[in-house]
Amino acid sequence: MAGPSTDKTSINDEDTSYLGDPWRDAGALTGFEPAIEQGPGLFLAAVGILIAGAAALFVLFWYSIAPRLEAFSPSLPVAVLLAGGVLVSYIFLEYLGIIATTYTGRALLLPLGRSSRVTIKLVAPARRLAKLLGSSADRMAHSAVRVSNAVTHATARGFKKPGPVLVLLPRCLQRPECSQPLVEDVDSCRRCGECPVAEILSLREEYDDVVMAVLTGGSVVPSVVRHFDPRAVIGVACERELITGIYVVSKRPVLGVANQRPEGPCRRTALDVAELRAAVETFVPGVTDVEKLDRE
Ligand code: SF4
């Protein structure tokens with residue numbers, strides 16, 4: 001496998017947290033939640049507020065410069081207001097498309113909404129909004145992952161790229177006392193059952209074309225994805241890593257599965273294997289009961 005990249009990847013120049021960085025407030029853990037269950041509505045509501053805020057700011061800005069525009073040409077203020085109105089209307093239609101797709105599971109998206117990148121780009125301001133309103137930034141990120149996943153579910157059939165389905169697992173799934181070198185070779189697991197890795201490997205064997213890698217941190221995601229050149233990617237991580245990871249690999253269909261942190265971040269984490277299975281079956285048809293019997 002290609003060596004780990006040292007590239008730092010952030011979704012926002014102003015956001016100084018990077019893939020693979022330890023949790024900035026891991027010491028304090030104020031408001032820390034070991035597992036988050038949050039529907040897509042929170043993020044969609046935040047995006048609605050952001051769009052309304054941007055439209056209001058535009059109108060205020062227009063109002064303040066309208067007299068100067070009029071000095072150039074009497075019809076210029078109306079033309080600028082109309083242009084802004086058209087742009088805001090288009091963004092609003094994109095937003096409605098994402099809402100409809102999220103809740104119906106059908107691809108009702110305009111061109112911009114088909115990109116996970118656009119959705120994920122909105123997470124940074126949405127997380128700031130959550131903090132301003134006293135809500136949890138991680139809940140907002142979880143909600144955003146649900147929206148991104150819904151968009152991927154609705155559009156995944158349109159991707160025809162060859163290659164395997166790549167499942168990226170965080171090293172913190174492994175028990176600290178286990179010395180098997182999973183990062184070098186995921187199959188070095190002895191399947192003792194002490195951590196979820198054994199069950200995840202069994203799941204992999206039920207499907208063709210599924211490969212897995214255990215990562216030391218999010219910073220190696222680009223090089224691992226380049227190495228496998230997959231047709232789709234499934235990431236397992238905390239919400240913070242998922243958001244940046246989805247952004248990094250969003251040129252391919254990508255799904256995020258949030259992990260659970262019963263002992264705090266980055267230590268003895270767990271996941272819902274049924275959720276991972278559902279993610280795999282988005283890209284790989286599930287084996288039928290008859291096939292299962294044949295294999296036994
Ligand atoms: S299942 Fe056992 S051997 Fe495999 S990674 Fe987990 S603790 Fe190590």
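How many of the 6 residues of strand S1 (residues 165-170) are buried? I looked this up in a predicted model. I found 6 of the 6 buried, so S1 is largely enclosed by the rest of the structure.

Next I checked the two faces of S1. I recalled that side chains in a regular strand alternate between the two faces of the sheet. On one side I noted Val165, Val167 and Leu169, and on the other Leu166, Leu168 and Pro170. Both faces are covered.

Then I looked up the neighbours of S1. S1 pairs with strand S2 (residues 210-215) in the parallel sense, over 6 bridges. With strand S3 (residues 232-237), S1 pairs in the parallel sense over 4 bridges. Leu168 stands opposite Ala213 in S2, and its bridge partner in S3 is Gly235. I followed Gly235 onward and reached Gly256, its bridge partner in S4. S3 and S4 share 5 bridges, again parallel.

I wrote down the whole sheet. It is open, with 4 strands in the order S2-S1-S3-S4 and parallel pairing. S2 and S4 (254-258) stand at the edges with a single partner strand each, so one side of each has no neighbour in the sheet. Neighbouring strands are turned by 20 degrees against each other on average, direction ignored.

I turned to the helices. Helix H8 (residues 239-248) packs on the sheet and touches S3 and S4. The direction of H8 makes about 160 degrees with that of S3.

Last, I looked at the ligand. I counted 14 residues around it, the closest being Cys178, Cys189, Cys192, Cys195 and Ala198. The shell divides into 7 nonpolar, 3 polar and 4 charged residues.

Definitions and conventions
Residues are numbered from 1 along each chain as its sequence is written. This is a predicted model: local features need pLDDT of at least 70, side-chain atom pairs count only at pLDDT 80 or more; totals for chains, interfaces and linings use all residues. A residue is near a molecule or strand if its C-beta atom, placed from the backbone, lies within 6 Å of it. Ala, Val, Leu, Ile, Met, Phe, Trp, Tyr, Cys and Pro count as nonpolar, Asp, Glu, Lys and Arg as charged, and the others, Gly among them, as polar. A residue is buried if 20 or more other C-beta atoms lie within 10 Å of its own, exposed if 12 or fewer, and partly exposed in between; C-beta atoms are placed from the backbone. Two strands pair if DSSP finds at least two bridges between them. Axes are lines fitted to C-alpha atoms, for helices over the stretch in contact, and angles run from 0 to 180 degrees between N-to-C directions. Two residues are in contact if their C-beta atoms, placed from the backbone, lie within 7 Å.
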